[in-house]
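Please keep the sequence and the model in view while reading.

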Amino acid sequence: MGGYVARDEAEIETYMKASTECHGNTVSHAIFWDEIEPVEGKFDFSCVDTSIALARKYNLKIIFLWFAVWKNAVMDYARSG
């Protein structure tokens, strides 16, 4: 959805609605770690909850693309210090 940039609820809903209008039944949606843990040690899963609720609203299946520590099986960019 949206080239992995849809983070706003209204924008996500726009893409999901468009998917149903095209007779789609599944959407993929990127979830970024900075949404889940905006502050170290404080977790917020509301973005996941919102995406699931919208997918249910439009009777869509959702595939989450998880962007966190690992990318392309290499962890080089996540090194500390």
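At what angle do helix 1 and helix 3 pack, and how far apart are their axes? In this predicted model, helix 1 (residues 9–21) and helix 3 (residues 46–57) pack at an angle of about 30°, and their axes are 10 Å apart. Because angles under 35 degrees count as roughly parallel, helix 1 is described as roughly parallel to helix 3.

**Packing of helix 1 and helix 3**

- The crossing in which helix 1 passes helix 3 is right-handed.
- On the helix 1 side the contact is made by Glu9, Ile12, Glu13 and Met16, while helix 3 contributes Thr50, Ser51, Leu54, Ala55 and Lys57.
- Sorted by class, the residues in this contact between helix 1 and helix 3 are four nonpolar, two polar and three charged.

**The nonpolar core**

- The largest nonpolar core is made up of seven residues, namely Ile12, Met16, Val27, Leu54, Ala55, Tyr58 and Leu60.
- Helix 1 and helix 3 are the elements that give two or more residues to this core.
- In soluble globular proteins, nonpolar side chains tend to be buried together.
- Leu60, one of the core residues, is in contact with Met16, Ser19, Thr20, Gly24, Asn25, Thr26, Val27 and Ala55 when its neighbours within four places in sequence are left aside.

**A buried charged residue**

- Glu35 is found in helix 2 (residues 33–36), and with a relative accessible area of 16% Glu35 counts as buried, because the cut-off for that class is under 20%.
- Not counting residues up to four places away in sequence, Glu35 touches Arg7, Ala30, Asp44 and Cys47.

**Positive phi in loops**

- Most residues other than glycine have a negative phi.
- Since exposed means over 50% relative accessible area, His23 at 74% relative accessibility counts as exposed.
- Asn59 is likewise a residue other than glycine with a positive phi, near 55°, and its place is in the loop between helix 3 and strand 2 (61–67).
- Asn59 is exposed, with a relative accessible area of 68%.

Conventions. Residues are numbered from 1 along each chain as its sequence is written. This is a predicted model: local features need pLDDT of at least 70, side-chain atom pairs count only at pLDDT 80 or more; totals for chains, interfaces and linings use all residues. Side-chain values use heavy atoms; hydrogens and water are left out. Axes are lines fitted to C-alpha atoms, for helices over the stretch in contact, and angles run from 0 to 180 degrees between N-to-C directions. Helices (H or I, at least four residues) and strands (E, at least two) are DSSP runs, numbered from the N terminus. Angles under 35 degrees count as roughly parallel, over 145 as roughly antiparallel, 65 to 115 as roughly perpendicular and the rest as oblique. A crossing is left-handed if the near helix is turned anticlockwise from the far one by less than a right angle, and right-handed if clockwise. Contact means heavy atoms within 4.5 Å. Ala, Val, Leu, Ile, Met, Phe, Trp, Tyr, Cys and Pro count as nonpolar, Asp, Glu, Lys and Arg as charged, and the others, Gly among them, as polar. Buried means under 20% relative accessible area, exposed over 50%, partly exposed in between (1.4 Å probe, protein chains only). A nonpolar core is a set of buried Ala, Val, Leu, Ile, Met, Phe, Trp, Tyr and Cys residues joined through side-chain atoms within 4.5 Å.
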